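Try each task before reading its solution.

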Amino acid sequence: MKLQSHRQQLGKKGEDLAVKYLIKHGYRILERNFQKRYGELDIVALRDNTLVFVEVKTRIGHAFGKPEESVTPWKLREVVQTAHYYKLLHPEFPDSLRIDVIGIELDVDQTLKYFNHIENVTL
């Protein structure tokens with residue numbers, strides 16, 4: 001139980017960092033942690049008339065590779081399905097859709113060590 005709580009805290013810390021970065025770079029955050037039957041969207045944002053769905057991966061250390069490398073094809077399919085469902089629920093948003101991945105690595109004291117924003121990974 002404690003491990004899951006630690007993972008949730010780590011994920012929230014990463015998402016908070018990602019949101020600050022996105023806002024600083026002109027994104028308008030519409031929603032966080034949108035969950036439905038298909039899956040979850042970490043961040044839903046709007047930028048330049050494009051609806052952007054952001055998957056955030058946060059890790060401590062790089063023993064298992066870079067955080068963004070853990071976004072599997074299966075996970076991307078889940079994000080795509082959930083993104084299309086989100087768009088169905090919100091026809092008022094632009095038709096232009098994009099999926100981005102943000103990889104974040106923190107030191108053991110949770111200070112930022114690595115940050116990578118990859119735009120338009122699929123869709």
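**Exercise 1.** How much space lies in the largest pocket?

*Solution.* Begin with the ground rules: this is a predicted model, in which local features need pLDDT of at least 70 and side-chain atom pairs count only at pLDDT 80 or more, while totals for chains, interfaces and linings use all residues. Residues are numbered from 1 along each chain as its sequence is written, and side-chain values use heavy atoms, with hydrogens and water left out.

A pocket is, on a 1 Å grid over the protein atoms alone, an open set of points where a 1.4 Å probe fits, with protein on both sides within 12 Å along at least five of seven lines, and its lining residues have an atom within 4 Å of a point. The volume is the space filled by probe spheres set on the points, which are joined across faces, edges and corners. For the largest pocket this comes to about 570 Å³.

Next, look at the lining, which has 19 residues, with R7, G11, V56, K57 and R59 lying nearest the centre of the pocket. Helix α1 gives the most, with 8 residues; helices and strands are DSSP runs (H or I, at least four residues, for a helix; E, at least two, for a strand), numbered from the N terminus.

**Exercise 2.** Which residues do ring pairs link into a cluster?

*Solution.* Rings of Phe, Tyr and Trp (its six-membered ring) pair if their centres lie within 6.5 Å, and planes under 30 degrees apart count as stacked, over 60 as edge-to-face and the rest as tilted. By this rule there are 4 aromatic pairs. One of them joins F34 and Y86 edge-to-face, at 4.8 Å centre to centre with 90° between the planes. Because F34 lies in strand β1 and Y86 in helix α2, this pair ties together parts that are 52 residues apart in sequence.

F53 and Y86 also pair edge-to-face, at 5.9 Å and 80°. The cluster linked by ring pairs is F34, F53, Y86 and F93.

**Exercise 3.** Is E119 buried, partly exposed or exposed?

*Solution.* Buried means under 20% relative accessible area, exposed over 50%, and partly exposed in between (1.4 Å probe, protein chains only). With a relative accessible area of 42%, E119 is therefore partly exposed.
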